[in-house]
Amino acid sequence: MQDLTDIHNYNANNTLLAGRNIVITGAGDGIGRAAALRFAQHGATVILLGKTVDKLAAVYDEIEAAGHPQPVMVELDLHTANNAEFEALNREIIDNLGGLHGLLNNAGILGEMKPLSQYDAETFDQVIKVNLTSCFNLTQALIPALESTENASIVFTSSSVGRKSRAYWGAYAVSKFAIEGLMQTWADELSDTCNIRVNSLNPGATQTNMRKQAFPGETPHNNPAPEAIMNSYLFLMGNDSIGVNGQQLNAQKK
Ligand code: NAP
């Protein structure tokens, strides 16, 4: 098996994801956009889930223009989406695509950078809903589609503050710690009943809108672009990670 501290150097072959159907949340921007484009480039049919239809359409068009497998667009706001919508997506994936091989829970929001004593309660709820509860709801609804294929892979997106928290990261850090708990529980439960593997991935500091919001004074190009951190994402979505389960992984060298 690959050394898991070295997956940022993983070298994917061009057809790694051929024939695989993969849902990516927050696929219209930042890391999710880069993952959607790269998965499609490696042969996957990508299901682009997000809340801003113009951004999803731009990714859709880019994939189509490049001649990669035709993607699917799913407009959903993870703050307000309900279980009926998630279950309908599960049914459509089974009926129209024959099943699901990968789920990248990537969408997320930062919330406020403030001491907990001043943190707005409504924002706290919103961050927990988008970064945690919706990941639980969506993943739970998609388990039948994931179980209907061989060796499916679920990835939850973590953060360094989901492993060691820091002052002022508020609900965001709490949501990422909880994502690790969700990942570990699911990994352990599914290892008893099926071949679905479940892991978490910390992208590390990456040049995106969220990073700009968290570190407004930082020079953006000091961090890698999302396109530069995709090796670990490819590793986790392809068959070379079969047997890797319940792991907390990093997309960049620590
Ligand atoms: P980003 O550029 O802000 O992108 C976030 C994505 O999530 C966007 O596509 C956004 O869609 C989507 N999203 C937000 N709220 C949503 C909602 N209610 N429903 C559906 N989609 C929603 O951030 P990013 O840096 O790429 O972050 C991606 C993931 O990596 C997040 O989970 C983040 O916590 C994690 N992460 C990032 C870094 C970093 O340095 N960038 C470090 C550690 C962890 P819209 O554009 O339509 O709003």
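Two packed helices are described by the angle between their axes and the distance between the axes. In the predicted model, H4 (121-147) and H5 (170-193) pack with their axes 8 Å apart and at an angle of about 15°. That angle makes H4 roughly parallel to H5, as angles under 35 degrees are counted in this way. The crossing of the two helices is right-handed. On the H4 side, the contact is made by Phe 124, Val 127, Ile 128, Asn 131, Leu 132, Cys 135, Phe 136, Thr 139, Gln 140 and Ile 143. These residues meet Ala 171, Tyr 172, Val 174, Ser 175, Lys 176, Ala 178, Ile 179, Leu 182, Trp 186 and Leu 190 of H5. By class, the contact between H4 and H5 consists of 15 nonpolar, four polar and one charged residues.

Helix H1 (residues 30-41) takes part in a contact with helix H7 (residues 230-237) and in another with helix H2 (53-65). The axes of H1 and H2 come within 10 Å and cross at roughly 20°. H1 is therefore roughly parallel to H2, and H1 passes H2 in a right-handed crossing. Arg 33, Ala 36, Leu 37 and Ala 40 of H1 form this contact together with Val 59, Glu 62 and Ile 63 of H2. Five of the residues in the contact of H1 with H2 are nonpolar, none is polar and two are charged.

Against H7, the axis of H1 crosses at roughly 60°, and the two axes come within 10 Å. H1 and H7 are therefore oblique to each other. The crossing in which H1 passes H7 is right-handed. From H1, the residues in contact are Ile 31, Ala 34, Ala 35, Arg 38 and Phe 39, and from H7 they are Met 230, Tyr 233, Leu 234 and Met 237. The contact of H1 with H7 comprises eight nonpolar residues, no polar residues and one charged residue.

Empty space was then examined. Rolling a probe the size of a water molecule over the atoms shows where empty space is left. The count gives one cavity of 30 Å³ or more, and the volume of the largest cavity is about 30 Å³. The lining of the largest cavity is formed by Asn 105, Ala 107, Asn 131, Cys 135, Phe 156, Thr 157, Lys 176 and Ile 179. Helix H4, strand E5 (153-157) and helix H5 each give two or more residues to this lining. Among the lining residues, Asn 131 and Cys 135 also belong to the H4 side of the contact with H5, and Lys 176 and Ile 179 belong to the H5 side.

The largest pocket holds about 1,100 Å³ of space. Its lining is made up of 48 residues, and those nearest the centre of the pocket are Asn 106, Ala 107, Gly 108, Ile 109 and Met 210. Ala 107 is also one of the residues that line the largest cavity. At least two residues of the pocket lining come from each of H1, H2, H4, H5 and helix H6 (209-214). H6 supplies the largest share, with five residues. By class, the pocket lining contains 18 nonpolar, 23 polar and seven charged residues.

Methods. Residues numbered from 1 in each chain as written. Predicted model: local features only at pLDDT ≥ 70, side-chain atom pairs only at ≥ 80, totals over all residues. Heavy atoms only, no water. 1 Å grid on protein atoms, 1.4 Å probe; cavity = no way out; pocket = protein on both sides within 12 Å on 5 of 7 lines; lining within 4 Å. Points joined across faces, edges and corners; volume = space filled by probe spheres on them. Helix = DSSP H or I, 4+ residues; strand = E, 2+ residues; numbered from the N terminus. Axes fitted to C-alpha atoms, helices over the stretch in contact; angles between N-to-C directions. Parallel < 35°, antiparallel > 145°, perpendicular 65-115°, else oblique. Left-handed = near helix turned anticlockwise from the far one by under 90°. Contact = heavy atoms within 4.5 Å. Nonpolar A, V, L, I, M, F, W, Y, C, P; charged D, E, K, R; others polar.
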